[in-house]
Amino acid sequence: MIPRRLLAISPHLDDAVLSLGASLAQAALDGAEVLVYTVFAGTAPPPYSAAAERMHAVWGLSPEDDAPLHRRNEDIAALAHLGLAYRHGRFLDSIYRRLPDGRWLTDHVEGGQKLAVAQDSPGDDGLVAEIRDDIEATVAEFEPTLIVTCAAVVDHPDNLATRDAALAAFSAARAKNVPIRLWEDLPYSMFNPGTIELPAGFRLGTSEFESATTETWKRKREAVECYSSQLAMLNGRNKNLFARLDEHARKNSPRGGFGETTWPVLLDENNG
């Protein structure tokens, strides 16, 4: 069944396209109205953490550049190429956030592009509640007939907060029989595959592979290329992102073609 209005809730500016770009493009081609709401798209004023300054340099941006604005413009171009609408959230990426004691949530790891999240950082239930409120407002306005978001296969605080906030907002959408599905966090799950542990009261259904046409897969690749800042990390020498996405899709496809994986979210029986 083709959704009439599809709401994709993305943690970062590129996650939805990398993980589900072909399926979202196909939905739009099939006549659905598709809105991608990116949660962590807000602009942070300086000073920046060492991790943020390092990432800005990796992205090819100068200290004077407004990095989130640059990335939002990349996102607008990518989603337009797929025929999708966008909405950019107000929350700050983890590289711009501080812990209650003033320390940065994320630190730079010397000698590489990897980042380290403070291991003793408490869970931010307040942040999840704020994101939930914004998602509920978007759901009330857009009235989706299908919601998709990240599975948070990768252990990233932004992905986990986005998924948990979307599930917390799910009860309001469920009253209107709106299903919610989780996408595989690409390309990160290819590097560090992990398990999906949902909050209490929710469980995963059986994974489904949505086959992509040659055209929608091509359009996904072209949309990913709009994120030039991120390709500096994900593609290049010894990192052929597009070849790995192709290989991963073929490995998961029952027929050896291209496509993307999602899971339906189900309620535990004791959760009503």
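A salt bridge is a side-chain nitrogen of Lys or Arg within 4 Å of a carboxyl oxygen of Asp or Glu. With that in hand, here are the views, all taken from a predicted model.

View 1. Welcome to the overview: the protein holds 9 helices and 10 strands. It has 272 residues, and 50% of them count as buried. Take the contacts between residues at least 6 apart in sequence: 81% of these join residues at least 24 apart. The accessible surface comes to about 13000 Å², and carbon and sulfur atoms account for 50% of that area. Searching the whole structure for salt bridges turns up 12, and the next views visit some of them.

**View 2. The salt bridge between Arg-71 and Asp-14.** Here the closest N and O atoms of Arg-71 and Asp-14 are 4.0 Å apart. Which parts of the chain does this pair tie together? Arg-71 sits in helix H3 (residues 67-82), while Asp-14 belongs to the loop between strand S1 (5-10) and helix H1 (15-29), so the pair connects parts that are 57 residues apart in sequence. Are Arg-71 and Asp-14 buried or exposed? Both of them are buried.

View 3. The side chains of Arg-90 and Asp-134 form a salt bridge, at 2.8 Å from N to O. This pair links distant parts of the chain, 44 residues apart: Arg-90 is in the loop between strand S3 (85-88) and strand S4 (106-108), and Asp-134 is in helix H4 (residues 125-142).

**View 4. The salt bridge between Asp-101 and Arg-103.** Asp-101 and Arg-103 meet through their side chains, with 2.8 Å from N to O.

View 5. Our last stop is Ser-189, a residue of helix H6 (residues 188-191). Why does Ser-189 count as buried? Its relative accessibility is 6%, and buried means under 20%. Leaving aside neighbours within four places in sequence, Ser-189 is in contact with Val-153 and Glu-184. With Glu-184 there is also a polar contact, side chain to side chain, at 3.0 Å.

Conventions: Residues numbered from 1 in each chain as written. Predicted model: local features only at pLDDT ≥ 70, side-chain atom pairs only at ≥ 80, totals over all residues. Heavy atoms only, no water. Helix = DSSP H or I, 4+ residues; strand = E, 2+ residues; numbered from the N terminus. Buried < 20%, exposed > 50% of the residue type's maximum accessible area, 1.4 Å probe, protein only. Contact = heavy atoms within 4.5 Å. Areas by Shrake-Rupley, 256 points an atom, 1.4 Å probe, with all protein chains shown as cover. Polar contact = N/O pair within 3.5 Å; in protein donor to acceptor, adjacent residues only side chain to side chain.
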